[in-house]
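Dear colleague,

Please find below the structure that I am handing over to you. My notes on it follow directly after.

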Amino acid sequence: MLTAEEERVARIKVRKNLMWLGIISIAMMFAGLTSAYVVAMGKPGFVVLEMPMMFWISAIIIAISSFSMLYAVHSAKKGAFPGVNFGLILTLFLGLGFVFTQFRGWQELISQEVFFSNHATGQYLYMLSGVHLIHLGAGLISLIFTLVRSINKAYFPSQTIGLEVTAMYWHFLGILWVYLLLFLHFVR
């Protein structure tokens, strides 16, 4: 029979390991998509496009949001509940700003007459950014859930696992977007 502390430690390991499994799965999916992009580059009709400026701005926004998430986790470990809520709210707003800039980036592509249906390169740009945006939507839902739990004082210095798992996923999304953006910019 496990003690209460042993059960808590086991639950923490399981949650973190499940998140790592999810992160690895998503990373493998994007590795496959970026590999397909490289293969498609050799086909006729593939053109090099400049990345929309809004995609670069979104990279800055998501990088800043990682710092606000770090602030939330750090505050929770110190028992500073207002800091947790502030960090999560700021991360949520920055995440929404990221979504806004992604749509503006798509508008830039449309103004250049790059559509999903008529442009091989555009298909990859829309697909990669769109699939990332879907995953970011899951991150925003997780942030809202985590924020509600934080407002209800579910986190305290010895119990931050839900917040830490959300932070792991959020940081991964930021790293993934920066990777995708740099990949699309430099792999031509």
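This is a predicted model, in which local features need pLDDT of at least 70 and side-chain atom pairs count only at pLDDT 80 or more, while totals for chains, interfaces and linings use all residues. Residues are numbered from 1 along each chain as its sequence is written, and side-chain values use heavy atoms, with hydrogens and water left out.

Overall architecture

The chain has 5 helices and 0 strands, and from the N terminus on its elements run α-α-α-α-α. Helices (H or I, at least four residues) and strands (E, at least two) are DSSP runs, numbered from the N terminus. Along its principal axes, the C-alpha trace spans about 65 × 35 × 25 Å.

Of the 188 residues, 45% count as buried; here buried means under 20% relative accessible area, exposed over 50%, and partly exposed in between, with a 1.4 Å probe and protein chains only. The accessible surface of the chain comes to about 10,000 Å², and 73% of this belongs to carbon and sulfur atoms. Accessible areas come from the Shrake-Rupley method with a 1.4 Å probe; for residues, only the protein chains shown count as cover. Among contacts (heavy atoms within 4.5 Å) between residues at least 6 apart in sequence, 83% join residues at least 24 apart.

The nonpolar core

A nonpolar core is taken as a set of buried Ala, Val, Leu, Ile, Met, Phe, Trp, Tyr and Cys residues joined through side-chain atoms within 4.5 Å. The largest one has 52 residues, of which Met-69, Leu-88, Leu-136, Leu-163 and Trp-177 touch the most other members. Two or more residues of this core come from each of α1, α2 (53–78), α3 (81–111), α4 (120–151) and α5 (161–186). The most is given by α5, with 15 residues. In soluble globular proteins, nonpolar side chains tend to be buried together.

Leaving aside neighbours within four places in sequence, Leu-136 is in contact with Ile-62, Gly-95, Phe-98, Val-99, Trp-170 and Leu-173.

Polar residues in buried positions

Asn-85, in helix α3, is buried with a relative accessible area of 19%. Its side chain makes a polar contact with the side chain of Ser-150 at 2.4 Å. A polar contact is a pair of N or O atoms within 3.5 Å; within protein, one must be able to donate a hydrogen and the other to accept it, and residues adjacent in sequence count only if both atoms are side-chain atoms. Neighbours within four places in sequence aside, Asn-85 is in contact with Leu-147, Ser-150 and Ile-151.

Ser-150 itself belongs to helix α4 and counts as buried at 3% relative accessibility. From Ser-150 to Thr-160 the separation is 10 residues in sequence and 9.8 Å in space, C-alpha to C-alpha.

Ser-129 is likewise found in helix α4 and is buried, with a relative accessible area of 2%. The side chain of Ser-129 reaches the backbone oxygen of Leu-125 at 2.6 Å. Not counting residues up to four places away in sequence, Ser-129 touches Phe-55, Gln-102, Trp-106 and Trp-177.

The salt bridge

How many salt bridges does a search of the whole structure find? The search finds 1, where a salt bridge is a side-chain nitrogen of Lys or Arg within 4 Å of a carboxyl oxygen of Asp or Glu. Glu-164 pairs with Lys-16, and their closest N and O atoms are 3.0 Å apart. The pair links distant parts of the chain, since Glu-164 lies in helix α5 and Lys-16 in helix α1, 148 residues apart. Glu-164 is buried, with a relative accessible area of 17%, whereas Lys-16 is partly exposed at 26%.

Surface and loop

Val-14, Leu-18 and Leu-21 form a nonpolar patch on the surface, with about 300 Å² of accessible area together. Patches are made of residues with over 30% relative accessible area and no salt bridge: like charges are joined within 9 Å, and nonpolar side chains (Val, Leu, Ile, Met, Phe, Trp, Tyr) within 5 Å. Val-14 is found in helix α1 (residues 4–40) and is partly exposed, with a relative accessible area of 46%.

Lys-153 lies in the loop between α4 and α5. Although not a glycine, Lys-153 has a positive phi of about 60°, and this residue is exposed, with a relative accessible area of 52%.

With kind regards
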